[in-house]
Structures are given as C-alpha cells and as structure tokens.
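Grab a pencil and work through the exercises below. Try each task before you read its solution.

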Amino acid sequence: MSNKKILVVEDDSDVRLGYHVLLKAHGYDTYFATNSTSAVSEARKHLPDLIILDLGLPAGDGFLVLDRYRANTFLAVVPVIVVSARDLHGNKERALSGGAQAYVQKPFDDDNLLALIREQLGEPQYAGVGTA
Amino acid sequence: MNEALDPRDPPAHILIVDDDRQNRRLLEVMLTARHYRIQTAESGEEALSLIAMQPPDLILLDVMMPGMDGNEVASRLKLNPVTKNIPIIMVTALSNHDSRMIALRAGAADFLTKPVDHAELCVRVRNLLRLKAYGDYYDRYSQTLEREVIARTAELRERTTLLEHQTAVLMDQAELLDLARDAIIVRDMDRRVVSWNRGAELLYGWASSEAVGHDVFTLLNTTLFESREGAEATLRLEGQWEGEAIHHSRDGTRSIVASRWTLQRNGDGVPIRVLSIDNDITDRKLADADRHMLTERLSLATAAARVGVWEWDLASNSLMWDATMFDIYGLSPVSPMPYDRWSATVAPEDLLAIEAAQRHTIEVKGQGAEEYRIILDDGSIRVISSVERVVLDEQGRVTRMIGVNADVSERKAAEEALEQSGKDRMRFKDDFLSNVSHELRSPLTAIKQFTSILFSGIAGELSPVQREYQQIVLKNVQQLQSMIDDLLEVTRLESGKLTVELVSTSIHDAIGDAIDTLQGAARVKGVKVTWDVAPDLPAAWADRTRLRQMLIILLDNAIKFTGKGGNAQVRAKLAPNNPRILLVEVSDDGCGIPADRVEHLFDRLYQGPATTTASRKGLGLGLYICKELAALQGGEIWVAQEPQRGSTFVFTIPVFSLNSVIAPLLVNGSWPAARTSLVTVTLALRGPLPLQEFQEDWSRDARSLLERCLLPDLDVLLPRTHSDGVIEQFFIAAFADDVGTSVLANRIRSQFERYGRLDETGLTLAVEHTPLPARVDPTDLSTDTLIATLVSALETAIDSQILLGAVQHE
C-alpha cells in the first residue's frame, strides 16, 4: 500500500520543513507549493489525497486557490485543511463555505493536525488521540 | 300857556263837577283859556262814572249837590287806589271853618269859595296840576323802577343759578382733571401756567399754587424732540400739536412724556390759551430701549453665529427672512419672500422629506428639527440645520411658523471626516492586528513544530536533560501563544467586534472541560484541583466557548498563584437569593490578593504581585477579558477573599429560560398565537464526531441552513439546547396552520438534502411538526401574556429535560 500524498501550500520555508518532518514521520509523502500559481499546478500534477493550504500566501489569495481547487473536476473531491495565522473575523466561515473541510489556527497542535488528517483520509485514529 | 310839565305831554284833563249848569259853564270858561281839556259832570254819580272811564288830572268838585255831595264823592275817590291821588279842589259856597275841615278830611286838596275868583282858580289849578304831574311822574318813575328791580332781581337770580350750575360742572371737571393721571396743564400765550391739575402735581412735584403763573417750559426744564418754535408753529397753524417731550420734575427726575397741545381761541379767533396733556411714557421708553438693545444683541449673536431667523406666514405662503438667512442662501434680499423661492433651493431628494416633516409639525402644533441640503446658485451644496416651531393665534390655530437655520456644512464635513477616519483607523487597526498576529504566529508555528518534533523523538531520542529543556521551550511557546491570543481578544472586545452566541449550555460540562485542559499544568505544579457542581443545576444561558475560556483563565490563575501542594476548587450552584442566576466560584488557597490591589484587579494590564514561583505573569489581560466576557453574557465577576487564605473569584451567569429567550425574538405581539406549531428538526449522527469543535461547527452550519428556511416574521428558531453528542435537535416555533407548517417542513428537508452534506457528515435528518395546544385569551393579547402562552405550549410539547438542558453526566 503506497503512502498517502499530502500537498502542503506554505510560503514559509521553516514551517514547510516542519510539516515535512512531521508528516514524513507519520508515513505520508509530502509535496510542496509556495505560491498560488504553483499551488494549483502542483495539485494538478500530483493529485494528492489531501491538501494543507495556508491562507496567508503572498498576495493574499489563499481563498482564490481554494476556489480554483473547487472549480477543478479532479481537485474538487480532494479534502482541504485550511491553515491560517490570521485571526480575522469570518475567515473560518469563509473557508468552510468555500469548500474547505477543516480550519486550523496557527500555531497548531501537531497531534490535532494529525488527527484531522487521519479523519479526512478516512484512516483510523490512534487510541488516546483526540478529546473525549 | 300849557301847564303840563313836559310840552310833549297831552294837555291836562280837568273834570268839573257841579249840579249847577251855570257854575259849570263859568268854570269851564275860566279854564278854557288855559288850554286844558275840560270835562263836566252834573252829579256825583256821573262824575264817578266818568272818572271810572278815564281818570282826570284834576277834579273841581262842588260840595252842595243833590244826591251824592262833593264830600262823599271825594271820600269814594280817595278810597279807590286808582283815583286816590287825583287832586280835588272843593268848590263850596260855605266858608265856615267846619265845612272846610270836612272837605279836607274827605280828601280835598284845596278849596275855592263861590263865587270863584278867576285868578285864584287858575293859580290853584295850576299848582295842583303841577303837583299832580310831579306825583304822577314820581309814580311812574317808581313803578318803572320797581319793575326794573324785579326784572333785575329775577335776572340776577337766573344768573346766579346758572353760575352755580356752571360752577358745579366746573368742579366736576376739575375733579375729573385731578383724577386724570395725565398731567393737564393750561397755559396762556406767554407760556404761563393758568391751570395745573393733580396729575401735574404728582408728575412734576410742583403744587398747583406753586406752578400757576410761572413759565411752564422753564419750570419743567423742557426739551422737545423737535424745536419748540416748530412745535408752536404747528400749534398755531393746525390748532394742535403732538409729540414727545422730556420734562424735569422738581427733584430733577427726568420724565419722557407723550404730549398733546390744543390751542383755544376766543370769540374773535384770537388764541388765548393752550391746553396740554402729558402722558408719562418713561417706563415704556425704557422698556423699548431694553427691547431694542435685546433685539440688537440677538441680531448680533445670530449674525455672528451665522444663524438666520425666519418666519413663515402660512396664509400668504410667504417668508420673512433676516439678513443672515439671505446670506446663508446666497439670495438677494426681498421682503416678503415667496415660499417657492426657498423650496427651489432645497435639494430635490430632501425636499419631500422636509415638507412632510413640516406638515407633521403643523399638525401636531409642535416643533421640529431637520437637516437638509441646499444647492446654491454656483452649484455648491450646503447642509442646513433647521429648528422650527409653530405659532398659534388667539384661537389656537397655526398661523405662522418661526425658526432658525444654520449652515452646518463644515461641521457635517468634519463629522463625516471624523467618522471616516474612525473607520479608517478601525480598519487599519484591524489590518494591523491581523498582520501583527500573522507575523507573530508564523515564527511561532515553526518553533512549535520543531519543538514538537524534537520532543516526539522523530529526530532522534532525547536525553532526559534535552527533554527537560525542550519542555521549557514548549511551555514558553504556549505562553507566547496565549499572550497573542489574549491581545487579539482584547482588541476585539474593545472594538466591539466580539460577539457571543448565547445557547443553553451545561456548566458541568464546561467546568469539566476546563479542568481536563489544565489537568496537565496542575499536575506539573503539584496543585490539586477539585470540583463541586450541584447535581440538578439548570442549564446556563451562555456562550459555550466563552464560558470555557473564562473558566480556563480563572483556573489557570488559581493554579499559577497557588504554591506547590496547594488546592484549587471550582464550584457551581444556584444563587441563594435568585433562582435565575448561577454562581460559579473558582478558589485557591494561594497567597491571595492584597486589599489595595483588589480595586484594579479587573483592569487591563493588571499585573499580579510577584508569584510564588518563577512563572511569568503573562500580559495581565486575563481578568480584564473575564470581566468583559462576563458582561457580554449578562453576568458579573468579582473577587471574594480573605488575605493569606487564597482568593475566590466568583462570576454569575444567567439561567437558561425559554421566556427570556423568546421575548427578544418576538418584536411585536400581533402574531396569531392561536395557530402555532412546533417543528422539530432532529439530526442524528451515525457515529460520534471526533472533535467537539467540529461538532460545534457543524451544528452552527446546520443552524444557519435552518434559518434560511424560515420566514423572519412568522418562524422563530429556538436557541440551541443541550445535545447529547449523538442527537442534535432544533426547535422551531412556526406561526402557521397545518398547511403552512408542512410547507415549512418540506422546505427544510429539501434544503438539507441539497446543501447539508448529510452523506458526508453521516447525519440523518428527521423533520416533524405538531400543532401547539395554546389557549389564547382574546381579551388579553398583551405581549407578556402571549409570550407566557407560547412558552407554556412549548414546554408542554418539548421534552422538558431537553428544553431545560438537563445535564446528562458522563
């Protein structure tokens, strides 16, 4: 069984590395995009099983990328976890109604994120993970 | 020779009485030569009758006559007042003394003895006639005199009566004159006072006796408002003059009078007197001056403030404007001004509203204030602020409207700029904060990520020391994170952007949740945390997230400020004196808070005293946030403590009640409460959702979807009640009959099927509806009654446990 593919769209290099280390350690193959253009092209190229999308992309068009994913036939079914450092009112609602499956605030708890990922991929949760 | 006294008098008339014809003839002849008028009589009787017809001037009377003798005739004549003064010469033959005495006594004036001597006769006749004439003259004279005296006396009496009457009238008039308050002065043509009434005495301080005879203008030190010569000329020409004058009283006081002079002429048209009436108008003049000054000041004030005053006469539909008004509107002054000229300047889109407002003000006979725009001739737009009120006539009808206008364009522009800059600043602040948080959180993410990675051993096993150090880093990252969160929270609170979603919520669950979250931190510090919640505590009416947040802040503080081995406790119960309020207490047995710090405890950036451990204090925003959150949820927070024995923080939260929930939702009480149905939407999960947060999100989504199905005035979505994690139920009070309600139910179903992602989330949907048995008393349709009716109906229909949010303990 091949590893599940996760595309991470994040412009900060350190944070990208952090994702990579964490996800790889948990058995996922990771791919990266650093801006909105490559976000779409990489997604189309790799057809990942999950996308982690940072809203705080340069030029602030994280939502645009989300729209483009939804508009694409193949990408529309890919679950998207939106990550955001900004705390703007209404961001969460906008993301969820824009087609994202989940919304996570940065800095996130990695256990939390992993649980979310598993859930979105339909994988079983580990015992002890998640709140009662 | 005529013996009459006055040659003009007729000749004297002599009567000869003798029975003897010859004697008669003899006498007659003797007297004829003297040109007397002679009459004769034969007897005494004839003599008497002749005398009666025409009394003679002299009678020659024979004594010896048959029948009535001379004596008797004489006696008779003497008895008759008409004839008693006629001289009688008795002619007698007897010459004795006695007969003469008898004759004398009978009234004879003289005698003649027969035969009569001619010369004697004539002399005696002449003398007696002369005497008679004198006597007659005297009589006539004294009669005339008497008549004259009587006439004169009568005349005098008449005159006296008239005079008395006139005097009485005069007295009356004089009294009236004195009654008059006005000073009435009569002066002659030399200006000397002739008459001076009481009013003049009072006004000028001179008694009448002192004033009379003096030059009036000197006495009063008079100044006229025109030249005196001019006034007097007018007086002479027209007979009267009217004007104002200044007089000075005896004591020097100035009086201003309205004076009227009238010229009196005599029978030949020559002016003889001037009557002047002075009316004291000093007070009025002063009041006028005051009023004038006030008006001047007002004009100055309104002009300086650029406030124009206007008056609108409704009957003629014309306006009276002051100079400032024309200035404001940039129109050339015209008085009066037609209303249309003003309305033409008002911006068309504002005119309708203004005129409607004016109509309303007139109708209610009150006052109004509006703002509207006008367009000046040069096309520029000014904003006018207008305040006006109606003016009523004596019958209370609206005849006019008066008001002021001010050009507030600058102020409006400033206000708008201020508002705009406020908005800009707000947006800038928002953007700034959002940027700041983003910037702060990004490096924080990386730190946290790698700390986590290291800690989890992915990058290799850690030595115990390394683990320990990593723990410190991680703890600090968390601290930093919470500080940023707090900062943003406070900013949101301050800008009013923080909203709370009040739902029926379980205090028990919230407390348990908070304790779970902080269990680790408590353990690390060696602080024991216990909790005590009354078993049948009703649900709270609060924001779930915020409640949890408050508990975490308070519990975190409790743990932080308690020494190792200390205790922290959370309690929840009903308020002892109010069953509608819940009390939550978080207490510790730490160092407590000094009394002098209690007052500012809940202020922003309050820093606690040095804690017992080396732990940092944080930003000090926690308690401030708690205070704001408590207020947003309708409660309060305070600290109850005994120093040296720890602190207890207490906050209140309202108890959930359907009544207080329904009331604000129902705007007016005119709905058909008799036809109300309950729609129950049940979402059942096929399996438990992994994360509480996720479930909340989904619940919110479901709720907003539901809301889109409802008609705003007719359906009320009740707030979220307790859900047990498996079943989520929503209750809708629908004010519709059966048909309407089933339409609603169908709509809900189709919406959820289309947009609800039911398959994805694994939820099943069931929609049911039942009519509510509500008894409505048609005589009492007040809002309170209807709410109570609705509430009781709902309570009956919905499982009371669910409705009251009874807690199911895990």
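This is a predicted model: local features need pLDDT of at least 70, side-chain atom pairs count only at pLDDT 80 or more; totals for chains, interfaces and linings use all residues.

Residues are numbered from 1 along each chain as its sequence is written, chains are lettered from A and ligands numbered from 1 in the order in which they are written, and side-chain values use heavy atoms, leaving out hydrogens and water.

**Exercise 1.** Work out the strand order of the open sheet in chain B, and find which strands stand at the edges.

*Solution.* Start with the terms: strands are DSSP runs (E, at least two residues), numbered from the N terminus, and two of them pair if DSSP finds at least two bridges between them. Next, read off the order: E2-E1-E3-E4-E5, with parallel pairing. Strands E2 (37–41) and E5 (110–113) of chain B each have a single partner strand, so one side of each has no neighbour in the sheet.

**Exercise 2.** Find how many bridges join E4 and E5 of chain B, and which residue partners Thr92(B).

*Solution.* First, E4 (residues 88–92) pairs with E5(B) in the parallel sense over four bridges. Then look in E5(B): Thr113(B) is the bridge partner of Thr92(B).

**Exercise 3.** Describe the pattern and the burial of chain A.

*Solution.* Count first: chain A has five helices (H or I runs, at least four residues) and five strands. Along the sequence they read β-α-β-α-β-α-β-α-β-α. Finally, 51% of the 132 residues in chain A are buried (under 20% relative accessible area, 1.4 Å probe, protein chains only).

Terms used
Buried means under 20% relative accessible area, exposed over 50%, partly exposed in between (1.4 Å probe, protein chains only).
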